[in-house]
Amino acid sequence: MWVEACADSSYDISQQETSASCSPQKRPKFDLQELGGIPEDLDRELEGDFSSKFVRRQTKSEGIINGGTCESCQSTEGFFRCLTCSGEHGWCRTCVLKAHQSLPFHKLQQWNGKFFKDTSFSELGYIWYMGHGGQPCPSSQEAMHDWEDVHEGVDWTENNPGVNTFTEPTSTTTPLIIIHSTGWCHCPGSSVHQQHLHLLKARLFPASTSRPRTAFTFDVLDHFLIDALECKTSAMSFFQKLRRLTNNAFPDSVPDRYRELMRASRQWRDLMNRKRFGFGHDTEVNPGTGDLALFCAACPQPGINMPVDWQDHYESWLVMQRYVVDGNFTAQHMNMKQPHLDVTLSDGLGYMVTDADYQAHLSSAKETKEWSSCSNHLAATACARHGCFVPHTVVDFQKGERHMNVDYSICNAINYHSDNIETSLIIYDIGCQWCIHFKDRINNSPGLSLPEKSRILTGVGKFHLSAHKLPCFARFSLNFIEGAGQVDGEIMETLWAPFNKISPTARSMSQYHRQEILDDHMRDSNWKKMVGIVRTLLKKHKRAVKGIDDTKLPFDELTHTLDPEKIAIWEKDEKMAMELRGDHLDIYQLKIDKAPTMAEIQLTLTESETSDIERPGSIPWIIQGINLEDSQ
């Protein structure tokens, strides 16, 4: 049987297996009673058979290795082992340094006669030379040519004023000594100002470019970014984890590099984004507004995923922008005490809007009504079908959810890659109120603009529409908007859910640091949507085809039973309502008589009841019981 979830025709399994076996999220649940209880091998493990063997094996591995002989030279005592290398190895001091010539961040231990004790490469005399592939610089007269010349236990930071101590915060953290006179390259043209470039060649990211004293491996910075995206880990939690991985017994003994991690991680995130979006590849072009952001691969974008002359190939209702707008009142932000000290790296280059332009718009815009007194929350625009954030549309609230904030986000979304697309569907929880004076606000705000011949269709999400007044149902229901498709208009709620996990961390950040964090998480959210969009669209297409097949026959049968003249009138009214909209959509409004009151129902039942003269009716008795229940 072909399993679609595997996405590979080579996965051809038997009829007994299902596609759920290929997905860890859809594996079948087993009943232990039907399987005859817990398997015997698992039962033995739980009883301690496996546990005792595992503990004995682990205890044995804590002893001396290879009888205390070096596995490489076979002539010296092998009292050194590496906890990072796979397998069990015992080396002497010379061989362990040679084996780790290009692995300076592995974690070493030395046998002291009773147990293995943590040691470091610096204590063994390891020197990492920069600029010549780990070899000493040939232009340095004081260069050391072999590790044996470096005496064990020498404090190089005390005897040499030109020594840098690099503490690399990884799970295999090891202090690294680099001597200025010998560790750095002294070839002609090399200078102190290029030391950070030598570190970059060694895949070390310096915390400073002038006089680097701390460096981070590329791997640890990548791990931090992935931890932040997937686990919502804060920088402090990540650094505390690194401290415990370095020295779990005494984590406070590990040097504090939290401040350096914060600085380096921000720079690393910005540099990686510029690299991935094609900036810096032998070009001096700088990224512009929204250039460091991904968008939906399926939404219509002329010149990107559809031809510029799309009018000759598609109908206008099909090529329509469909956006949903919503605010997030969990994403609060504290005001900075010294905002002038904040440094921006990517202001307006991602999903958050450019701060200066946005503030200029707020200062010139006029608001007719304020909705609440909360401050500094978020509002964003995303595509309604696929849930991808639109670049350069995320704004901050200042005094609640005001129209001037939402207008700026919506206008930026409509202008984003919308060449010759005239119709835009805006789905907003309070769209019935927002759309009333939208055009007036556009005309009165110099910071807002729309494409020429732009037509705005307003809808309300299906969940929120149920809480609106009855007239809103026909006028703002997505069911009565041609081209809206089968969307619920509530996809922003699912996008805000993971963002609420990072809100406590981002609340106390500086403005631009928070902006970078939010941009990064939105970029990651859009990336996940993009890599899974083929499977998602295929699933939706199959569901749509099945829905048409299931409803076509009943619809045709109902059509044959109706008067053709009435059908023609209905179709004419529907066409007019789709074109004119507004109160013309009231044709979809249900026309029902007003429900009778309780007194009218009681009177009707009493009059219709027949009973004997000596025996009272049951209606008064029921009414009395209802009144007693209401009074409790």
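Is Tyr-258 buried, partly exposed or exposed? Tyr-258 counts as partly exposed because its relative accessible area is 25%, and on this scale buried means under 20% relative accessible area, exposed means over 50%, and partly exposed is what lies in between, using a 1.4 Å probe and protein chains only.

Before I go on, let me say what we are looking at. This is a predicted model, in which local features need pLDDT of at least 70 and side-chain atom pairs count only at pLDDT 80 or more, while totals for chains, interfaces and linings use all residues. Residues are numbered from 1 along each chain as its sequence is written, and side-chain values use heavy atoms, with hydrogens and water left out.

The protein chain holds 22 helices and 12 strands, where helices (H or I, at least four residues) and strands (E, at least two) are DSSP runs numbered from the N terminus. Of its 632 residues, 41% count as buried. If we take contacts, meaning heavy atoms within 4.5 Å, between residues at least 6 apart in sequence, then 63% of them join residues at least 24 apart.

Let me return to Tyr-258, which lies in helix α9. Leaving aside neighbours within four places in sequence, Tyr-258 is in contact with Ala-235, Met-236 and Phe-239. The C-alpha atoms of Tyr-258 and Ala-235 are separated by 7.5 Å, although the two residues stand 23 residues apart along the chain.

Now to the strands. Five of them form an open sheet in the order β10-β9-β8-β11-β12, with mixed pairing, and two strands are said to pair if DSSP finds at least two bridges between them. The edge strands are β10 (395-396) and β12 (455-459), each of which pairs on one side only.

Strand β1 (residues 80-82) and strand β2 (residues 108-111) pair in the antiparallel sense over three bridges, with Phe-80 facing Gln-110 as its bridge partner. Strand β2 also pairs with strand β3 (residues 116-119), again antiparallel, over four bridges, and Gln-109 is partnered there by Asp-118. The hairpin of β2 and β3 has four residues between the strands, and in it Gly-113 takes a positive phi near 105°.

Next, the empty space. Rolling a probe the size of a water molecule over the atoms shows where empty space is left. On a 1 Å grid over the protein atoms alone, a cavity is a set of points where a 1.4 Å probe fits but cannot get out, a pocket is an open set with protein on both sides within 12 Å along at least five of seven lines, and lining residues have an atom within 4 Å of a point.

By this rule there are four cavities of 30 Å³ or more, and the largest cavity holds about 80 Å³ of space. Its lining includes Arg-266, Ser-346, Gly-350, Asp-519 and Arg-523. The elements that give two or more residues to this lining are α9 (258-276) and α18, and α9 supplies the largest share, four residues.

Asp-519, one of those lining residues, is found in helix α18 (residues 511-531). Asp-519 is buried yet has no salt bridge, and the nearest side chain of opposite charge, Arg-523, is 5.1 Å away; a salt bridge here is a side-chain nitrogen of Lys or Arg within 4 Å of a carboxyl oxygen of Asp or Glu. Not counting residues up to four places away in sequence, Asp-519 touches Ser-346, Gly-350, Tyr-351 and Met-352.

Finally, the largest pocket holds about 1,200 Å³ of space and is lined by 38 residues, of which Ala-384, Arg-385, His-386, Thr-536 and Lys-540 lie nearest its centre. The largest share of this lining, eight residues, comes from α19.

Technical notes. Lys, Arg positive; Asp, Glu negative; His and termini not counted. Points joined across faces, edges and corners; volume = space filled by probe spheres on them.
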